[in-house]
Amino acid sequence: MSIFDTFASALGGSGTTAGKFTHAAIELIQRGSHGGLDGLLERFRASGLSQHVDSWIGTGHNLPISADDIQRVLGSGQVAELARKAGIDPAIASQELAQILPQIVDKLTPHGQMPSSDLVSNALSMLKGKIGMI
């Protein structure tokens, strides 16, 4: 079983709230307004969370972030949009994204290095396919 199969099965399929939320989170990462994964992670670094981002990319333990960190870095508008797409409350979206974002970044960087933008885009598309949301 690939890392994408494992991750997708843990999240559920397209009919689940977790599946819808994961799909929306992947779109957030892929969206060009951040500059893709690199741009999104740079926003976290610029907000004082460099050590956290480095732990997600590295091969060791992933440092946690809080829902407040998500709100601070992404802003309430972006979190509200993510919540709307998933059909959940924005406060829950912040909490869930704080849990899932480190995991997604970790799975996209299994060797402790950022892959090329094309590889990240392809990997995220595969993950969306695994949760049945393409």
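**A helical chain and its nonpolar core**

The largest nonpolar core has 30 residues. Those with the most contacts inside this core are F21, F44, W56, I70, L74, L97 and L101. The model is a predicted one. In soluble globular proteins, nonpolar side chains tend to be buried together.

Neighbours within four places in sequence are left aside here. L101 is then in contact with I29, L40, F44, W56 and I70. Among these partners, F44, W56 and I70 are also listed with L101 as residues with the most contacts inside the core.

The chain contains seven helices and zero strands. From the N terminus on, its elements run α-α-α-α-α-α-α. Of its 134 residues, 43% count as buried. Contacts between residues at least 6 apart in sequence were also examined; 67% of them join residues at least 24 apart. The accessible surface of the chain comes to about 6500 Å². Carbon and sulfur atoms account for 52% of that surface.

An α-helix has 3.6 residues a turn, so residues three or four places apart point the same way. Just after helix 5 comes G87, which takes a positive phi of about 75°.

The structure also holds three salt bridges. One of them involves helix 5 itself. There, the side chains of E81 and R84 meet, with an N to O distance of 2.7 Å. E81 and R84 are three residues apart in helix 5 (residues 76-86), so about one helical turn separates them. E81 counts as partly exposed because its relative accessibility is 29%. R84 has a relative accessible area of 55%, and is therefore exposed. The cut-off for exposed is over 50%.

D69 and R72 are three residues apart in helix 4 (residues 67-74), and so are separated by about one helical turn. D69 is buried, with a relative accessible area of 14%. This value falls under the 20% limit for burial. R72 is partly exposed, with a relative accessible area of 47%.

The remaining salt bridge joins D54 to R45. The closest N and O atoms of this pair are 3.2 Å apart. D54 counts as partly exposed because its relative accessibility is 44%. R45 also counts as partly exposed, at 26% relative accessibility.

Key:
Residues are numbered from 1 along each chain as its sequence is written. This is a predicted model: local features need pLDDT of at least 70, side-chain atom pairs count only at pLDDT 80 or more; totals for chains, interfaces and linings use all residues. Side-chain values use heavy atoms; hydrogens and water are left out. A salt bridge is a side-chain nitrogen of Lys or Arg within 4 Å of a carboxyl oxygen of Asp or Glu. Buried means under 20% relative accessible area, exposed over 50%, partly exposed in between (1.4 Å probe, protein chains only). Helices (H or I, at least four residues) and strands (E, at least two) are DSSP runs, numbered from the N terminus. A nonpolar core is a set of buried Ala, Val, Leu, Ile, Met, Phe, Trp, Tyr and Cys residues joined through side-chain atoms within 4.5 Å. Contact means heavy atoms within 4.5 Å. Accessible areas come from the Shrake-Rupley method with a 1.4 Å probe; for residues, only the protein chains shown count as cover.
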